[in-house]
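Try each task before reading its solution.

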Amino acid sequence: MNAVDKPFLRALAGEAVWPPPIWLMRQAGRYLPEYRAAKEKAGGFIELCLNPELSAEVTFQPLRRFPMDAAILFTDLPMLPWAMGQPLHYGRGGAEGVGPILDPVRDAAAIAALRPEGAAQRAAPIMETVARIRAGLERDHPGTALIGFAGAPWTVACYMIDGRGGHGFPEARRMAERDPALLETLFASLLDAAEAYLVAQAEAGAEALMLFDSWAGLLPPEGFERWVIGPTAALTARLRARLGADYPLIGFPRLAGPGIPAYAAAAGVNAVGLDETVDLRGELPRGVTLQGNLDARTLVAGGEALEAATAGILDAMRGRPFVFNLGHGITPDTPIEHVAALVRQVKRG
Ligand SMILES: Cc1c2[nH]c(c1CCC(=O)O)Cc1[nH]c(c(CCC(=O)O)c1C)Cc1[nH]c(c(CCC(=O)O)c1C)Cc1[nH]c(c(C)c1CCC(=O)O)C2
């Protein structure tokens, strides 16, 4: 299929494609037995992320079960700080459910020791994964588009500064309040690295890029402008300068509620991902494609609750440029049959 004919890319370009294209955040992951087997074969989670053959395999796994309109590069958000030289590991021996743990970066010396200029090179295995996925899609799933991704600057900074999630990132928020000049130096490094990392993904074959700002909702309004909208706009401007003005970019300012209209207007993205707390029956930004926002818990529940919630989203979005997705990632307890039922319903429109 000609790239411009892929339904997902048409929707990102502003067309009200119907039925809407669908993919699901974390569509590759622990709810699939074949994912768990591949991770075991790789010998751990970081090992999986750095193994192009197995990362590509894991990306294809959900596509063999469900007719998704997009695949997302299989890697993890802290691989960018890792590529900048920050040591990373995953809990005790890669134990399940333990998130990423980084050696915290909290002072000028630690920030100066980062190596943004080497990030794309150190991430070369990830670029090989991108190329393998794209080749496999063209061969076996020609209507499916490939999304590359990185964390948005604020969310990556949260992990870099606190060193781990799960506690509301008190150190990152403290730095934003008490030492914004120091945080600016970290953002400068991060912008250089993220630009190189994302441009390399696009050059390796990614057809759209998504910026995950999972912790955008932690900031007060001025902080949201300064640390979420500002740096995202700077990054998207750099990406457009390198990749062309029309290159599709998706932003996901999770739990940003009242900040979403300003984000949609100023962040420089074609599409905005909405989390499950956004009411689609309310006032929504115009001029961008929307993506979301089924509650991942409703997908676990299944049955009539899932059917009703899905119908509600379809009714609210009919006639608009829209991509069906969850409001956050699929959880490991999700029954595979519920995912199949959801995709069937969305494909009926
Ligand atoms: C904040 C964040 C991270 N990673 C990511 C984000 C942004 C989106 C979000 O808010 O969820 C993004 C991400 N992480 C992963 C992907 C792969 C692609 C896909 O969505 O299918 C993507 C796009 C794989 C992963 N990333 C992780 C797993 C689970 C690892 C395992 O197999 O044990 C996967 C498949 C680990 C991870 N990685 C991260 C956490 C907090 C955790 C632990 C929670 C968990 O275990 O689910 C950081």
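**Exercise 1.** In which loop does Gln-27 lie?

*Solution.* Before starting, note that this is a predicted model, in which local features need pLDDT of at least 70, side-chain atom pairs count only at pLDDT 80 or more, and totals for chains, interfaces and linings use all residues. Residues are numbered from 1 along each chain as its sequence is written.

Step 1: Gln-27 sits in the loop between α1 (7-12) and α2 (33-42). Helices here are DSSP runs of H or I with at least four residues, strands are runs of E with at least two, and both are numbered from the N terminus.

Step 2: Gln-27 counts as buried because 27 other C-beta atoms lie within 10 Å. The cut-offs are 20 or more for buried, 12 or fewer for exposed, and partly exposed in between, with C-beta atoms placed from the backbone.

Step 3: Beyond its neighbours within four places in sequence, Gln-27 is in contact with Pro-62, Met-68 and Ile-330. Contact means that the C-beta atoms, placed from the backbone, lie within 7 Å.

**Exercise 2.** Is Gly-29 buried or exposed?

*Solution.* Step 1: Find Gly-29 in the loop between α1 and α2.

Step 1: With 20 other C-beta atoms within 10 Å, Gly-29 is buried.

Step 2: Setting aside residues up to four places away in sequence, Gly-29 touches Tyr-35, Ile-330 and Pro-332.

Step 3: For "binding site", an unreviewed UniProt entry lists Arg-26, Gln-27, Ala-28, Gly-29, Arg-30, Asp-76, Tyr-159, Ser-214 and His-328. These residues spread over 303 residues of sequence and, in space, up to 22.7 Å between C-alpha atoms. UniProt annotations may be inferred rather than shown by experiment; feature names are shortened, and positions follow the numbering used here.

**Exercise 3.** Which residues come nearest to the ligand?

*Solution.* Step 1: Among the 21 residues around the ligand, the nearest are Ala-28, Leu-77, Gly-99, Phe-212 and Ser-214. A residue is near a molecule if its C-beta atom, placed from the backbone, lies within 6 Å of it.

Step 1: Sort the shell by type, and you get nine nonpolar, seven polar and five charged residues. Here Ala, Val, Leu, Ile, Met, Phe, Trp, Tyr, Cys and Pro count as nonpolar, Asp, Glu, Lys and Arg as charged, and the others, Gly among them, as polar.

**Exercise 4.** Where is Gly-205 found?

*Solution.* Step 1: Gly-205 is in the loop between α11 and β5.

Step 1: Gly-205 is partly exposed, with 19 other C-beta atoms within 10 Å.

Step 2: Gly-205 and Ile-133 are 72 residues apart in sequence, yet 8.3 Å apart in space, C-alpha to C-alpha.

Terms used:
Two residues are in contact if their C-beta atoms, placed from the backbone, lie within 7 Å.
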